[in-house]
Amino acid sequence: MANQTDLDEELTGIFTKLWELDDNKCAPGIDFEIDKQGYVTSTRNTRDRARYNLFSWLDENKVFSRKTYKTFRALLDNYESQTGVQEQVTKQEEQENRDFIDAIMETDVMKTAHQFLIQNDKAPERELDFKKLLYKTWFTLYRRTRGDRDFDSSGFEHVFVGETRDKSVIGMHNWLQIYLQEKHGNIDYKGYFRRGTSEDESQAGLITLQFNWKDGKTKPIGSSFIGTSPEFEMAMYSVAFLMERSSRIPLRVSDHEIDLHIHRLGRGIGTAYPQAK
């Protein structure tokens, strides 16, 4: 366990408050169920430790009827996963991005995150201007590979949707995307890492896992919250990014001690993910 003095107390405070405000999170055994199965001991060991899917079930009718989940899901098919391929964003997709931002800004989680940033002079006070800042931070396209001419990536695509580069999976730190890709037969779950995975399966938490995606492309290790709402993750990552902290932020969020990794790429988010200790 990290020394208490190592924690970022200011961000620990606001993120714990956001966690407690997140009454839209999903509950294991009520909204979904996972089956962790065997554990992985090394990123170099790709032996399959899981015979079955990670997700036993998810109540889609209930979960995706919620506004933030519904608008979030609409964004997940808007991207070309292969890096180095120019993204083509349609007017409909731009509107879907705005609809998602509008939906999360209706929640107490995002309203509280906005007020915190205003108090720290890190966000404009007008909600419309803050929405524009969120759009710029998450949805502006950039070049992920140095020297590449194509605008092939964005913060949202990398963190929430996932990308592929050569034979590897990069990004994809969202449990709903993992569930949907596994449901469609695109993910082969290999097992979890005991370090980095919550022991308490009765509430939302974290998981560190290994899987293959799309024709065997590998994710030797990846981490994600599980059960959290889209607005909580957007709020947490946005606050950490706009507060301009270091790339690794030690935190305690509710009962979870984590390092939050936030990396900038250009003017946007390059990656963001939690790593449980």
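**Burial, core and overall form of a predicted model**

Colleague: What share of the 277 residues in the protein is buried?
Modeller: This is a predicted model, and in it buried residues account for 56% of the 277 residues.

Colleague: And how many residues sit in the largest nonpolar core?
Modeller: The largest nonpolar core holds 74 residues, and those with the most contacts inside it are Phe 15, Trp 138 and Phe 156.

Colleague: Which helix gives the most to this core?
Modeller: That is helix α9, spanning residues 230–242, which contributes nine residues to the core.

Colleague: Back to Trp 138, what does it touch?
Modeller: Leaving aside residues up to four places away in sequence, Trp 138 touches Ser 154, Gly 155, Phe 156, Val 159 and Phe 160, and also Met 234, Tyr 237, Ser 238 and Ile 269.

Colleague: Changing topic, how many helices and strands are there?
Modeller: The secondary structure comes to nine helices and 10 strands. The radius of gyration is 18 Å, close to the 19 Å that the globule rule gives for 277 residues, so the protein is as compact as a globular protein of that length.

Colleague: What box do the C-alpha atoms fill?
Modeller: Taken along the principal axes, the C-alpha atoms fill a box of roughly 50 × 45 × 40 Å.

Colleague: And the surface, how much of it belongs to carbon and sulfur atoms?
Modeller: Of an accessible surface of about 13,000 Å², 44% belongs to carbon and sulfur atoms.

Colleague: How many positive and negative side chains are there?
Modeller: The protein has 39 positive and 45 negative side chains, with the centres of the two sets lying 4 Å apart.

Methods: Residues are numbered from 1 along each chain as its sequence is written. This is a predicted model: local features need pLDDT of at least 70, side-chain atom pairs count only at pLDDT 80 or more; totals for chains, interfaces and linings use all residues. Side-chain values use heavy atoms; hydrogens and water are left out. Helices (H or I, at least four residues) and strands (E, at least two) are DSSP runs, numbered from the N terminus. The radius of gyration is taken over C-alpha atoms; the globule rule is 2.2 Å times the number of residues to the power 0.38. Buried means under 20% relative accessible area, exposed over 50%, partly exposed in between (1.4 Å probe, protein chains only). Accessible areas come from the Shrake-Rupley method with a 1.4 Å probe; for residues, only the protein chains shown count as cover. Lys and Arg count as positive and Asp and Glu as negative; His and the chain ends are not counted. The place of a charge is taken as NZ of Lys, CZ of Arg, CG of Asp or CD of Glu. A nonpolar core is a set of buried Ala, Val, Leu, Ile, Met, Phe, Trp, Tyr and Cys residues joined through side-chain atoms within 4.5 Å. Contact means heavy atoms within 4.5 Å.
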